[in-house]
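Reader: Please show me the chain. I would like to ask how some of its labels are assigned.

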Amino acid sequence: MAAPLTTLARRLSSSAAGYASLWPRTQRPSLALASSRLLLPPLSRPYAADAAVHGGARLSGPASPRGSAGKSGISRRGGARPQSPEPSGTPKWRLLAAACVERYPRLSQELSADEKLFGELVQQIELERSALSDHEIQLVEDAARIQMRQANEELDSDDDEDRPGIVTAEDKEDAYEQRFKKFQPASRVTDADTRDDRTSLERRLDDKLVLLVQQRLGQEDVWLLPQVAWNEGETLRDTAERALGDAAGSGLQAKFMGNAPFGFYRYKFPVAMRQPSAIGAKVFFFKAVLLGGDVTGTVADAGATAGPRHVWVTRRELKDYLKPAYLKAVESFIMDVETHGPAE
């Protein structure tokens with residue numbers, strides 16, 4: 001039995017050595033590398049020594065048995081190393097889904113001093129390079145008529161200036177100026193901003209707002225994104241939609257952005273609340289855009305503290321309500337509206 005195996009090893013070694021001889025001397029691979037390029041299995045230790053003698057090459061390093069797995073966990077046959085089954089004592093987690101409802105800005109941000117200066121410069125350049133409008137052409141024509149009259153030149157009897165009821169371009173400008181003085185733009189600061197009413201959507205019109213609700217976790221009232229536990233038979237998005245409906249009522253209309261979650265957070269229950277079936281919760285966050293309406297009422301938990309049960313806050317105000325670990329998870333998928341003030 002040893003003779004046929006020795007012959008087979010000699011043939012394999014000769015083929016690999018011939019393949020390696022095709023490479024330049026400075027880039028020539030070892031016999032072991034050549035064997036792997038020919039998709040040849042490595043030789044076991046007794047036959048590797050014999051192949052080295054007859055093939056004129058030496059295999060570096062100990063050879064592993066055929067079909068054994070290396071450090072990467074992938075067997076030499078191309079299959080993945082099977083993972084060991086999870087032990088029966090592996091901790092279990094309760095699945096939850098949360099809805100992150102965003103109200104987009106209704107006003108643009110106020111311009112900074114540099115932006116205002118640049119805007120005036122661009123407007124001046126465009127004015128100088130643009131063609132005259134109909135109003136400007138009429139101003140030029142009216143000025144020419146007045147100049148001709150002052151020079152006592154003869155005017156045509158059908159001249160527009162001699163006919164009653166003709167309105168010149170300057171008359172129009174005067175009327176426009178009077179109307180402009182009466183115009184009063186609406187204030188960017190609303191009553192909700194003045195009262196700091198964070199339950200109102202009519203605040204911070206130039207910023208993005210996020211809905212937070214107060215829920216009872218154990219013996220503590222915690223500010224969170226609306227969330228509920230997942231029920232078997234529904235998707236996580238269905239769970240997030242149900243969480244928003246339970247927390248905000250039927251008066252709020254929102255559109256969810258896709259079926260995949262935007263964020264993830266995991267936390268453990270207090271020791272008193274832990275059960276054999278679950279030691280904590282895994283929360284999957286889904287984003288939604290506010291289309292209309294407002295929160296019509298939140299479900300008050302038994303023993304909950306008095307006060308507002310929901311707030312609309314900016315990204316910078318989240319830290320006033322959320323705990324640090326939860327805040328870090330939420331801030332990872334909420335884009336902040338660019339502001340000119342220093343970061344808080």
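This is a predicted model: local features need pLDDT of at least 70, side-chain atom pairs count only at pLDDT 80 or more; totals for chains, interfaces and linings use all residues.

Reader: How many aromatic pairs does a search of the whole structure find?

Author: The search finds seven aromatic pairs.

Reader: Why is the pair of Phe-264 and Phe-284 called tilted?

Author: The ring centres of Phe-264 and Phe-284 are 5.3 Å apart, and pairing requires centres within 6.5 Å. Their planes stand at 50°; under 30 degrees would be stacked and over 60 edge-to-face. The pair is therefore tilted.

Reader: What makes this pair a tie between parts of the chain?

Author: Phe-264 belongs to strand β6 (residues 263–268) and Phe-284 to strand β7 (residues 280–293), so the pair ties together parts 20 residues apart in sequence.

Reader: Which residues do ring pairs link into a cluster?

Author: The cluster consists of Tyr-265, Tyr-267, Phe-269, Phe-285, Tyr-326 and Phe-333.

Reader: Is Phe-264 buried, exposed or partly exposed, and how do you know?

Author: Phe-264 has 42% relative accessibility. Buried means under 20% and exposed over 50%, so Phe-264 counts as partly exposed.

Reader: What makes the nonpolar surface patch?

Author: Tyr-104, Met-257 and Phe-262 form the patch, which covers about 270 Å². Met-257 sits in the loop between β5 (252–256) and β6. Its relative accessible area is 33%, and a patch residue needs over 30%.

Reader: How do you know that Lys-287 lies over the face of Phe-262?

Author: Lys-287 is at 5.4 Å from the ring centre of Phe-262. The distance cut-off is within 6 Å.

Definitions and conventions: Residues are numbered from 1 along each chain as its sequence is written. Side-chain values use heavy atoms; hydrogens and water are left out. Rings of Phe, Tyr and Trp (its six-membered ring) pair if their centres lie within 6.5 Å; planes under 30 degrees apart count as stacked, over 60 as edge-to-face and the rest as tilted. Helices (H or I, at least four residues) and strands (E, at least two) are DSSP runs, numbered from the N terminus. Buried means under 20% relative accessible area, exposed over 50%, partly exposed in between (1.4 Å probe, protein chains only). A charge sits over a ring if NZ of Lys or CZ of Arg is within 6 Å of the ring centre and within 35 degrees of the ring normal. Patches are made of residues with over 30% relative accessible area and no salt bridge: like charges are joined within 9 Å, nonpolar side chains (Val, Leu, Ile, Met, Phe, Trp, Tyr) within 5 Å. Accessible areas come from the Shrake-Rupley method with a 1.4 Å probe; for residues, only the protein chains shown count as cover. A salt bridge is a side-chain nitrogen of Lys or Arg within 4 Å of a carboxyl oxygen of Asp or Glu.
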